[in-house]
Amino acid sequence: MRIVTNLSIHVAKSFGGNLEPQRADSPTVEEEERPPGAGEVAEHEIVKMEDVITIDPETTEVDLNHGRIGKIENLEPLTKLERLYLRWNLIKKIENLDHLTSLIELELYDNQITELENLDHLVNLEMLDVSFNRLHQIKNLSALTNLRKLFLCANRISLIENLGHFTNLTMLELGDNKIRKIENLDNLVNLTHLYLGKNKITKIENLDKLVKLECLSLQCNRLTKIENLDQLVNLSELYLSENGIETIENLNQNKALETLDLAKNRVKRIENIDHLQALEEFWMNDNGVSEWACVDKLASNKKLATVYLERNPVANDVNYRRKLKLAVPWLQKIDATLCR
């Protein structure tokens, strides 16, 4: 049985009509951060859980998104609960969950939580989302050994730490934090998706043990060089836009790449990608490519379907689209526009 309490219309009006943003599990985080204090309401307007749900001990899913709920409480009878969704509320503390040992998914996205705590009894948890909160540290998660997906984006986390026990983790989202160094990930041997966009990372490093990684997002950091990716032979998606990269290099072992995102960097030449025979998406807009000779080399990538080169010097050519299509006749899309 599933209990859904839809308060979105009421809450949307109260917050000026803005509906809930999607989870940031895509390579880029587009949602705007709330200004400090946003979402604060008078105490008498905070809703209690007991006022918005009818307790049924057989319930397996409770959805209380957009509810102005201020505290997790009164869920003791729900011993069969597997999924609890509390997105976009006013919760400040993780508490009163010890009895929910059957819980598989817990969403606390977009609340006012300052600390990860009181989760030790949720040993069956497979997905935890505490994105868009006020966390400063990753801690108190050692009991959650069955966790598969962990979302902590848009917080105030500065260190990647205390994750060594997550040997079953397949997805880790730490985008939009204050992280400066990639570290302490060696034990995450089953990780397939790692999102570290919009941080302050200066170097690609310490990823050698993540041999199952399929998707790596490092958009909007402070990188100047593509390096240390040799062991990631299963990588199919690499997102490096909005950095300071000048040269396409060191991708020799990444032959499984299907998507390569280098938009908004300082690259002047398309090179060292002719061996990427699986490449389908090549995003190079907002760089400094000025020579058609290097653009013509894309003819080596026989599966290439989409190319972005807008806002490069070559795109100023009046015959830009025609020349690009002649160089790579099998292209299906150029700069978000379908080819005829």
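Biologist: Which residues of H4 are buried?

Modeller: In this predicted model, the buried residues of H4 are Tyr320, Leu324 and Ala327. Seen down the axis of H4, these buried residues fall within an arc of 60°, so they line one face of the helix.

Biologist: What do the buried residues of H4 pack against, and which exposed residues does the face turned away from them carry?

Modeller: The buried residues of H4 pack against helix H3 (292-295), S13 and strand S14 (333-334), while the face turned away from the buried side carries the exposed residues Arg322 and Leu326.

Biologist: Where does Pro313 lie, and why is Pro313 called partly exposed?

Modeller: Pro313 lies in the loop that runs between strand S13 (306-308) and helix H4 (320-327). The relative accessible area of Pro313 is 38%, and because buried means under 20% and exposed means over 50%, Pro313 is called partly exposed. Leaving aside neighbours within four places in sequence, Pro313 is in contact with Asn287, Gly288, Val289 and Ser290; the C-alpha atoms of Pro313 and Asn287, which are 26 residues apart along the chain, are separated by 8.2 Å.

Biologist: How many aromatic pairs does a search of the whole structure find, and what makes the pair of Tyr239 and Trp283 tilted?

Modeller: The search finds four aromatic pairs, and one of them is formed by Tyr239 and Trp283, with 5.9 Å centre to centre and 50° between the planes. Tyr239 lies in strand S10 (residues 237-239) and Trp283 in strand S12 (residues 281-283), so the pair ties together parts that are 44 residues apart in sequence.

Biologist: Why is the pair of Trp283 and Tyr308 called edge-to-face?

Modeller: The centres of Trp283 and Tyr308 are 6.2 Å apart, with 80° between the planes, and because an angle over 60 degrees counts as edge-to-face, the pair takes that name. The pair links distant parts of the chain, with Trp283 in strand S12 and Tyr308 in strand S13, 25 residues apart. Tyr239, Trp283 and Tyr308 form one aromatic cluster.

Biologist: How do you know whether Tyr239, Trp283 and Tyr308 are buried or partly exposed?

Modeller: Because buried means under 20% relative accessible area, Tyr239 at 5% counts as buried, and Tyr308 at 18% counts as buried, whereas Trp283 at 24% counts as partly exposed.

Technical notes. Residues are numbered from 1 along each chain as its sequence is written. This is a predicted model: local features need pLDDT of at least 70, side-chain atom pairs count only at pLDDT 80 or more; totals for chains, interfaces and linings use all residues. Side-chain values use heavy atoms; hydrogens and water are left out. Helices (H or I, at least four residues) and strands (E, at least two) are DSSP runs, numbered from the N terminus. Buried means under 20% relative accessible area, exposed over 50%, partly exposed in between (1.4 Å probe, protein chains only). Contact means heavy atoms within 4.5 Å. The arc is that of the directions from the helix axis to the C-beta atoms. Rings of Phe, Tyr and Trp (its six-membered ring) pair if their centres lie within 6.5 Å; planes under 30 degrees apart count as stacked, over 60 as edge-to-face and the rest as tilted.
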